[in-house]
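Open the model in a viewer and keep the selection panel at hand.

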Amino acid sequence: MPSQLALPHLLIPYVSSPPQSSLTVLSSVLGATGNWLVLRFLYAALGTSAASNGEPMVRGHEAGRKSRVVLVSFLQGWEFWRLEAKRLGLDLARLTETQQFAFVDGLSELFSSPTAPAQPSPTLYQYPEAGTAPRTTLPIRSQRSPLAPGPAGLRQPIPVSTTSDGSPHKSAREAGPVKRLHLPVDGVAALDLFEREITAVINRLKSSPGGDGNESEVLLVVDQPDLLLAATGPSRCIGATEIGEWIMGLQQAATATVATVSADSPLIHNASVYAHQAATPLETEHAAFAVELAHRADMVMQLRNLETGAARDVSGVLRVSKGGAWGRRESAGVEESWEEKEVLYFVQRDGGVIVFGRGE
Amino acid sequence: MAPSNLSHRQTHNLLLISKLLSLRDTASPLTLLLDSLEQPATPLVKEYIRRARLSKIHVTLVAFETLKPFDGVDVFVSARRKTPADIVKEVSAAYTPGSSDNLNRRRLILIDSINPLLRSTHLDKSFDLSTFLSSFIVPGGTPTSKVDSSVVVTFHQDVPGRCAQSPYVPSPLTILTYLATTVIKLHSFSHILTQKAARDRSLVPPVFGIEEEKDGVLLGRLDKPVGKDTVEGVVLEMEYRRKSGRGVLEWYLLPPASRYPATHVREIVTLLDDHPLYRPPEEHNARGEEEEPESTFELRLTERQRREREGVVLPYFDAQQGDGPGEGGRILYDMGEEDDFDEEEDEI
Amino acid sequence: MSFRKRNIGLSTGTDRTSISNSPSQPQRTTQAPPPTPGIRPSPDDGRATISTGSPSLDNLMAGHGGLPLGKILLVEENGTTDFAGALLRYYAAEGVVQDQKVHVIGMPEQWGRTLPGLIGPAEAANEMPDRRKSERMKIAWRYERLGEFGAGVAGARVPAASAGDQIPSSTDGSLETQPAFCHAFDLTKRLIHPSIGNITYMPIAPSREPLLVSIQRKLQVVIASSPPNTVHRIVIPSFLNPTVYPPEVSQPENVLPFLHSLRGLMSLPTSRITAMITLPLSLFPRTSGLVRWMEILSDGVIELCPFPHSSDALSTSGAATAHEEPPQGMLKMHRLPVLHERGGGGDHNIGQDWAFTLSRRKFEIKPFSLPPAEGDTEAQDKARSDKMPKMADLEF
């Protein structure tokens with residue numbers, strides 16, 4: 001039964017082990033979001049060992065080669081990813097403990113300082129020499145909190161049900177196996193800060209012991225970095241080029257990168273060169289960022305609504321196309337043999353996904 | 001078009017594209033590649049690199065969006081977070097022509113995408129696109145060793161430009177197309193064929209990708225359009241400005257790199273008009289349709305037969321004389337030698 | 001392939017019970033049973049939900065029977081009518097009645113005095129079952145199904161999950177044993193409730209910081225200082241309306257960080273917050289990138305398209321039966337909480353056309369279907385009378 005598989009067969013060639021230093025762009029629209037596909041990427045990278053309940057994992061590589069994942073999310077919190085991954089049989093909290101997974105939270109405190117607004121910006125100056133010595137313990141914000149000493153990455157993840165026992169807000173907020181991003185200042189300095197923080201997390205996963213002595217491969221998933229662009233914009237000195245360069249910096253640290261962007265019509269087509277109307281800076285920058293990202297991508301996976309309107313047993317359309325950078329790397333050869341395709345998908349209530357061709 | 005004219009055009013324009021792509025005689029110091037997501041410039045850039053390697057041209061890649069260098073690139077300059085001045089400095093430092101081997105060395109500078117530079121919010125007001133580009137071609141430093149540099153710049157057409165700082169300054173794309181000696185616009189061959197098929201039927205040619213303006217569609221390209229065989233290849237719409245001022249416009253087809261070995265020396269680019277899929281060999285068909293349908297007996301007339309037939313005065317000519325009813329209306333016919341006249345049957 | 005295998009046809013009560021008992025609901029065990037009134041677990045996956053104050057809107061929430069905690073609902077409205085404002089008042093009034101903390105942003109205290117008066121629990125006020133019994137013989141089968149929908153999720157689920165026929169009795173039982181989840185209000189009356197003074201108002205006032213930053217900070221402080229189990233409702237009426245908000249607020253670098261940090265605040269595992277925002281679409285059209293980003297940042301997006309006043313003929317003919325109110329506009333669901341963040345699709349309400357009716361007592365959302373136009377029926381009759389004999393002539 002295809003519906004029982006966490007990873008539908010049709011998806012396997014696209015989501016499992018993206019090639020070295022490649023960029024995969026995942027575009028979504030309001031009514032067809034891409035979180036389920038991000039989860040499939042996580043599952044393809046992490047799930048080989050976790051879900052080996054007799055299912056043959058059809059992958060191009062032997063099951064021993066696992067990669068690690070860093071997930072940077074700007075629109076969804078840790079709870080969401082943890083619960084949704086659990087539906088697939090991935091225990092992200094445990095994987096975090098074993099240094100196979102790391103979550104970087106770009107939602108909770110990106111624009112708001114957490115609890116104590118008294119000390120606004122020491123974070124920025126906490127990194128006098130950037131890029132030196134990847135410490136195993138990260139200098140993160142929560143270290144300043146007296147309630148939560150100790151490195152966040154190693155701390156035990158808290159159970160979810162602290163809601164009912166009325167634990168104090170502060171401790172719950174500071175705990176959790178996550179690293180939080182906070183945008184303290186305008187402009188490129190903030191992006192540099194993020195880049196250093198995320199790179200440090202990637203390097204930590206890379207160098208952490210994992211069986212053989214080699215450096216592990218780290219898949220970086222950046223969920224909706226376009227939010228950063230939309231919410232800052234050129235007036236805060238962050239434009240499409242700057243975000244694009246920021247992603248490039250992250251790409252250099254990671255083995256392979258997946259980035260999701262919104263491709264809603266107002267965000268792409270209002271500013272399109274083919275449209276003859278004035279566009280707002282938000283639309284222009286977003287379109288430039290999304291299109292440039294697609295130009296740099298090896299693979300572009302586009303999610304959209306069904307043209308014929310909503311249906312009960314179809315969630316949307318997935319089109320996989322070759323991005324602008326496809327074929328740039330000569331080394332890419334046989335193992336990268338996937339073909340462009342357009343399929344329908346249906347996300348079931350239990351979290352399973354069915355992928356099928358039109359008319360099947 | 002007369003056949004002689006066409007063949008002249010073929011040889012001439014094929015020579016031209018061969019010269020341009022192989023960077024001979026510095027025919028085009030600044031080439032602008034206009035690409036889009038529907039047809040990225042990667043195959044053409046690779047073709048440039050391939051030819052440059054064949055003729056031992058030094059290749060520099062200025063990377064605004066590429067992470068790892070292409071194969072065959074001698075120097076890789078990452079332009080991420082660098083000022084234009086730094087980039088120019090780094091590029092000119094990357095190549096010092098060895099004076100010993102060859103005085104007249106050539107070099108190719110590829111810029112993988114100029115868009116990030118043009119969109120950057122950190123450009124100071126003094127940045128000038130034309131001086132930036134010309135500083136690659138004419139390095140200010142050492143005039144002793146002459147280096148022929150050719151710059152090939154890729155511009156993504158589908159990336160919207162920044163809101164103009166001043167409404168009176170021409171847009172960067174306008175400046176680029178004005179400066180460039182050669183402008184090559186890339187199209188996907190299968191799209192060109194689809195559009196041509198629509199035009200041939202007087203339909204509105206379809207658009208693809210972002211132009212479709214469909215929600216959620218960035219890329220319309222699929223390897224195999226439904227119900228069609230794979231049509232590979234890149235169509236190049238070239239505009240070349242000669243020194244004389246005359247422009248040359250031509251459409252070419254670059255076959256996919258898998259069709260020929262990397263060391264292939266002969267010209268592989270063809271005119272689009274020569275491709276059988278784009279322009280089916282209709283000359284023969286057209287001529288064929290003029291001919292009579294074949295049959296077992298001859299219906300055609302020889303020249304002489306035709307002349308004689310025209311010489312026949314038809315009966316109504318006499319009938320018009322008005323000699324009265326029943327008069328006139330005779331067939332006047334001069335007997336020829338081949339007429340087998342029978343006195344009894346053929347009475348006049 | 002079998003798409004319909006699991007949990008899809010959610011229209012009957014029996015299905016629903018089987019779903020909530022099915023083992024594929026991991027959160028069920030982690031969520032404690034609702035300790036506070038006004039919260040109940042979703043029948044779909046057991047997450048805590050609150051009522052929006054209008055039962056038929058609760059029913060639209062992708063099978064959750066209410067707005068799940070931590071979710072933002074954006075209600076957009078075309079034109080200059082204020083149907084969205086009525087929804088918002090129901091939402092706020094329900095919060096007041098349930099002793100939850102209501103935060104009103106951008107409006108003075110007068111706004112709180114316009115909250116609709118309480119009638120009683122929604123189930124008691126909902127005479128649907130009785131009416132259905134009496135009309136059973138009269139209603140065409142297809143409308144009867146719609147009637148069931150109205151009683152649907154909200155009615156059937158209050159005490160565990162009971163079959164449709166037991167609704168009246170079990171509702172009575174639950175009134176004594178269990179506090180109501182959703183109440184009925186009367187828009188013509190004014191809400192008088194002891195906890196109405198607990199509403200916090202955050203009017204637009206000039207401050208040193210950017211406006212939305214200071215509002216955000218105030219919210220954060222108020223929520224952090226309240227007892228941990230408090231349920232908060234954030235009400236933002238007519239967001240970005242230039243008569244309330246200064247123009248620079250509608251810059252994306254002000255709006256989007258505000259919504260994003262609101263989302264961040266609500267996504268914390270300890271917080272029990274929901275928010276409802278109304279947005280005038282005439283000022284900020286959906287085709288603009290800014291609004292699209294606001295929608296992306298929200299969990300649920302609902303668009304109201306009121307019918308123009310002149311189309312009386314259309315609206316009366318759109319009514320299902322003679323004594324039902326004519327619909328006053330169309331309702332479009334662009335995004336639903338939880339459902340769409342998981343990938344979307346599969347909800348039995350999706351793909352329907354919805355019409356809404358605002359009456360004195362309720363905001364009702366029903367499936368919308370255009371009846372055959374009256375001119376057409378005449379034409380059909382005529383055709384029948386004219387053509388049938390001709391057909392017969394031809395045949396013989």
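Start in chain B by selecting strands β2 (residues 58-63) and β4 (residues 105-111), which pair in the parallel sense over 5 bridges. Helices (H or I, at least four residues) and strands (E, at least two) are DSSP runs, numbered from the N terminus, and two strands pair if DSSP finds at least two bridges between them. Within this pair, B:L61 has B:L110 of β4(B) as its bridge partner.

Before moving on, note how the model is to be read. It is a predicted model in which local features need pLDDT of at least 70 and side-chain atom pairs count only at pLDDT 80 or more, while totals for chains, interfaces and linings use all residues. Residues are numbered from 1 along each chain as its sequence is written, and chains are lettered from A and ligands numbered from 1 in the order in which they are written.

**The sheet of chain B**

Axes here are lines fitted to C-alpha atoms, for helices over the stretch in contact, and angles run from 0 to 180 degrees between N-to-C directions.

B:L23 counts as buried because it has 23 C-beta neighbours inside 10 Å. A residue is buried if 20 or more other C-beta atoms lie within 10 Å of its own, exposed if 12 or fewer, and partly exposed in between, with C-beta atoms placed from the backbone.

Then go to B:K56, in the loop between α2 (42-54) and β2 of chain B. B:K56 is not a glycine either, yet has a positive phi of about 55°. Having 10 C-beta neighbours inside 10 Å, B:K56 counts as exposed.

**A strand inside chain C**

Select strand β5 (residues 101-105) of chain C. Is β5(C) enclosed or open, and what covers its faces? 5 of the 5 residues of this strand are buried, so β5(C) is largely enclosed by the rest of the structure. C:K101, C:H103 and C:I105 are buried on one side, and C:V102 and C:V104 on the other.

Show the strands β5(C) pairs with. Strand β9 (residues 232-236) of chain C is parallel to β5(C), over 4 bridges, and C:V104 stands opposite C:V235. Strand β8 (residues 200-202) of chain C is also parallel, joined to β5(C) by 3 bridges; there C:H103 stands opposite C:T200.

**The nonpolar cores**

A nonpolar core is a set of buried Ala, Val, Leu, Ile, Met, Phe, Trp, Tyr and Cys residues joined through C-beta atoms within 7 Å. The largest has 185 residues, of which A:L42, A:V70 and B:L218 touch the most other members. Helix α4 (residues 83-97) of chain C gives the most to this core, with 11 residues. A second, separate core of 57 residues includes B:I111, B:V152, B:L253 and B:L254.

**Where chain A meets chain B**

Display both chains: 48 residues of chain A are in contact with 34 residues of chain B, where contact means C-beta atoms, placed from the backbone, within 7 Å. On the chain A side, α11(A) gives the largest share, 10 residues.

Finish on α9 (240-253) and α11 (281-296) of chain A. Their axes come within 9 Å and cross at roughly 35°. The contact is made by A:A240, A:I243 and A:G244 of α9(A) and by A:E285, A:A288, A:F289, A:E292 and A:L293 of α11(A).

Methods
Two residues are in contact if their C-beta atoms, placed from the backbone, lie within 7 Å.
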